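Opening the notebook on a new model today.

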Amino acid sequence: MLGAARGIDRLNRLGFRLAALLSIALLPLGLIAVLQTDRVIEESRERAEAALMGRAVQAASYEKELIQTAIGAGRAFGAAVRSVRHDRAACSSLFRDFIDASDTFVFAGYIDTDGVMKCTSEGVSMHFADAPIFQDLKANPRVLARLNTVGPISGEPAVIVTVPVLDGTRFDGAISVSVPHAALLDGVFRASDHPPLDLVTFNAEGEVLLAAGGLDGVAGRLPADRPMDTLAQASATSFIARTAAGPERVFTVVPLIEDTVFAVAVWSLDAAPPAQRLITVPT
């Protein structure tokens with residue numbers, strides 16, 4: 001009996017050693033399987049995120065095109081206005097012809113270095129010398145996009161695109177072109193096969209320019225505790241967060257005009273691809 005017990009004990013030890021060896025031998029295969037699973041999940045998440053970004057860019061494509069056109073017009077006027085800016089009638093005629101030929105833009109004009117806009121499509125004069133935004137533009141020339149809730153001519157909300165005129169590196173005035181909200185909104189959902197719940201356009205300072213769902217209550221439809229200017233500092237990204245009004249949404253942020261205009265598309269959780277639910281809010 002004692003010999004039999006010893007034999008069984010040897011077999012048990014041998015079985016244990018074989019099991020241990022097999023476990024060690026199979027460990028790399030298990031790790032590979034885990035890593036492969038993680039990679040599949042990550043690739044699925046990346047594809048879902050890329051799809052949402054593509055849909056956001058598509059939804060904002062019409063806005064992007066109009067704002068880019070306004071910037072292009074501003075740059076062209078910057079070169080043309082130098083020869084006529086001291087002739088108010090000829091200068092104003094330059095801008096008036098542009099507006100008359102446009103089905104989209106409603107106002108354009110040149111602001112001189114003193115902050116006076118006396119060369120405009122409407123032949124009116126405006127003074128911006130004391131405006132903080134003009135002083136900021138003069139000190140740091142760059143393309144700006146701002147919301148004017150009461151347009152200068154129509155009285156309706158408009159996005160004012162301002163392009164600095166430069167003489168070398170010296171600030172030499174600015175061109176402003178007004179794009180009415182109605183024109184920008186007209187193509188938001190027509191441009192997309194799968195439109196988001198909302199599409200909010202904002203500038204580098206985080207100021208809302210346009211909201212497809214309307215400017216009223218727009219803050220409640222945006223991410224809570226995430227200032228818009230911080231979203232403007234990030235590259236294209238997607239995340240899940242609660243809105244200021246409470247519901248949880250998927251948000252996709254994409255740049256439209258480099259360092260100038262951005263868009264955030266708002267999606268329902270149900271509309272987002274399943275893998276998108278794996279995205280967490282960056283801290």
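**Strand pairs around β7**

I started with Val-159, which stands opposite Val-179 in β7. I'm working on a predicted model, where local features need pLDDT of at least 70 and side-chain atom pairs count only at pLDDT 80 or more, while totals for chains, interfaces and linings use all residues. Numbering runs from 1 along each chain as its sequence is written, and side-chain values use heavy atoms, with hydrogens and water left out.

Strand β6 (residues 158-167) pairs with β7 over 9 bridges, antiparallel. My rule for a pair is that DSSP finds at least two bridges between the strands. Strands (E, at least two residues) and helices (H or I, at least four) are DSSP runs, numbered from the N terminus. I note that β6 and β7 make a hairpin with 2 residues between them, and that Gly-168 in the turn has a positive phi of about 70°.

What else pairs with β7? Strand β1 (residues 107-111) does, antiparallel, through 5 bridges. There I found Gly-109 with Ser-176 of β7 as its bridge partner.

I then checked burial (buried is under 20% relative accessible area, exposed over 50%, partly exposed in between, with a 1.4 Å probe and protein chains only). Of the 11 residues of β7 (residues 170-180), 10 are buried, so the strand is largely enclosed by the rest of the structure.

**The open sheet**

Next I traced an open sheet of 5 strands, with antiparallel pairing in the order β9-β8-β12-β11-β10. The edges are β9 and β10 (237-242), each with a single partner strand, so one side of each has no neighbour in the sheet. On average, neighbouring strands here are turned by 25° against each other, direction ignored. For such angles, axes are lines fitted to C-alpha atoms, for helices over the stretch in contact, and angles run from 0 to 180 degrees between N-to-C directions.

Within the sheet, β8 (residues 198-203) and β12 run antiparallel and are joined by 6 bridges. I looked up Phe-202: its bridge partner in β12 is Phe-262. Which strands does α2 touch? I get β8, β9, β11 and β12, with α2 packed on the sheet and its direction at about 30° to that of β11. Contact here means heavy atoms within 4.5 Å.

**Aromatic rings**

I searched the whole structure and got 6 aromatic pairs. Rings of Phe, Tyr and Trp (its six-membered ring) pair if their centres lie within 6.5 Å; planes under 30 degrees apart are stacked, over 60 edge-to-face, and the rest tilted. Phe-77 and Phe-95 have ring centres 4.4 Å apart and planes at 35°, so I logged the pair as tilted. Phe-77 is in helix α2 (residues 61-80) and Phe-95 in helix α3 (residues 88-100), so the pair ties together parts that are 18 residues apart in sequence. Phe-77 is buried at 8% relative accessible area, and Phe-95 is buried at 0%.

Phe-98 and Phe-105 have ring centres 5.7 Å apart and planes at 20°, so this pair is stacked. Phe-98 is partly exposed at 22%, whereas Phe-105 is buried at 7%. Phe-77, Phe-95, Phe-98 and Phe-105 form one aromatic cluster.

I also found the charged end of Arg-226 over the ring of Phe-239, 4.3 Å from its centre. To count, CZ of Arg or NZ of Lys must be within 6 Å of the ring centre and within 35 degrees of the ring normal.

**Positive phi**

Asp-225 has a positive phi of about 60°, though it is not a glycine. I placed Asp-225 in the loop between β9 (208-211) and α6 (228-232), and it is exposed at 80%. Asp-259 has a positive phi near 65°, sits in the loop between β11 (248-257) and β12 (261-267), and is exposed at 59%.

**Confidence and totals**

How far is the chain to be trusted? Average pLDDT, the predictor's confidence in each residue from 0 to 100, is 81, and 75% of the residues score at least 70. Over residues 275-283 pLDDT stays under 50, and I counted 27 contacts in the model beyond four places in sequence for them. Where pLDDT is low, the predicted coordinates should not be read in detail.

For the record, I have 6 helices and 12 strands in the chain, and 41% of its 283 residues are buried.
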